[in-house]
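Work through the exercises below with the model at hand. Each task is followed by its solution.

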Amino acid sequence: MHPILTLARFTLRSYLQERILLVVMIFGGVLMLASAVLSPLAVGAQQKIVIDIGLAAVSIFAVVLIVLLGAGSFHMEKERGILRALLAKPISRSQFMLGKYAGTVATVAAVIILMGVVHLAMVALSGSRITLNLGIALYLTLLEGALVTALLSFFASFTSPVLGSFFTIACVVAGHFSTDLLAFAQRFGGTVPRIVATGAYYVMPNLELLNARTEAVHNLALPQGFVLAVTLYALAYTAGLLYLATVIFRAREVS
């Protein structure tokens with residue numbers, strides 16, 4: 001078996017031993033509780049709120065999982081000597097980084113899919129119709145999970161777990177508000193804030209492109225070719241981050 005696939009399987013198995021599926025059970029409980037709390041509302045409002053809360057929860061849980069699982073994994077293997085033993089075998093550092101990434105993405109994708117199934121069940125129980133936009137919103141959440149995992153892999157290649165987690169969360173928050181921050185800086189800021197905001201806007205990932213909750217809640221039409229365009233954007237950004245992560249990791253000393 002190819003080393004990347006072997007490492008991906010090893011990573012997936014190690015994450016599953018952390019009882020990650022408990023997150024799905026908690027998620028389902030939260031959704032059912034939210035539905036019970038929202039039951040006194042009007043039927044139409046309840047359906048929209050259940051869809052909005054569910055999609056937001058899937059996205060937030062995915063980011064939390066990525067940060068909690070991935071941030072300390074690399075350093076834990078380094079401290080236990082697993083990393084040194086793996087690199088002593090005919091496995092390149094690039095293969096190690098890509099294998100870790102693939103295993104993490106597979107774990108996060110499995111959890112997102114399970115949470116998505118729970119969410120769709122709750123939507124159906126609330127009396128709302130499951131639309132194509134709802135499926136697209138969940139698919140874009142999968143893309144966001146892959147991109148955020150690449151962000152974490154990039155930061156983990158040269159920082160500590162705490163800093164890697166902080167930088168990843170900061171990028172996620174900034175990525176969802178980058179357009180608003182750019183508009184604010186251009187309207188009210190001086191020359192330097194405008195330059196900084198413009199540079200950050202083009203360098204940081206625009207994660208709001210991967211947010212279709214509004215379209216799913218109100219069943220609004222998406223622009224033609226939108227899904228393909230954002231898919232290519234997410235894949236290109238992810239590939240760039242992984243390339244930088246492997247370059248940095250190859251240059252580091254592993255003790």
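**Exercise 1.** List the residues through which α6 and α10 meet, then describe how the two helices pack.

*Solution.* Start with the contacts (heavy atoms within 4.5 Å). On the α6 side they include I136, Y139, L140, L143 and L147, and on the α10 side F226, V230, A234, L241 and I248 are among the partners. The model is a predicted one, in which local features need pLDDT of at least 70, side-chain atom pairs count only at pLDDT 80 or more, and totals for chains, interfaces and linings use all residues. Residues are numbered from 1 along each chain as its sequence is written, and side-chain values use heavy atoms, leaving out hydrogens and water.

Next, take the geometry, with axes as lines fitted to C-alpha atoms over the stretch in contact and angles from 0 to 180 degrees between N-to-C directions. The axes of α6 and α10 lie 8 Å apart at an angle of about 15 degrees. α6 is therefore roughly parallel to α10 (angles under 35 degrees).

**Exercise 2.** Which residues touch the most other members of the largest nonpolar core?

*Solution.* Such a core joins buried (under 20% relative accessible area, 1.4 Å probe, protein chains only) Ala, Val, Leu, Ile, Met, Phe, Trp, Tyr and Cys residues through side-chain atoms within 4.5 Å. The largest has 51 residues, and L55, L140, L147, L210 and L241 touch the most other members. α6 gives the largest share, 14 residues.

**Exercise 3.** Which residues does L140 touch, not counting those up to four places away in sequence?

*Solution.* With those set aside, L140 touches L209, L210, A212, F226 and V230. Of these, F226 and V230 belong to the α10 side treated in Exercise 1.

Technical notes. Buried < 20%, exposed > 50% of the residue type's maximum accessible area, 1.4 Å probe, protein only. Helix = DSSP H or I, 4+ residues; strand = E, 2+ residues; numbered from the N terminus. Parallel < 35°, antiparallel > 145°, perpendicular 65-115°, else oblique.
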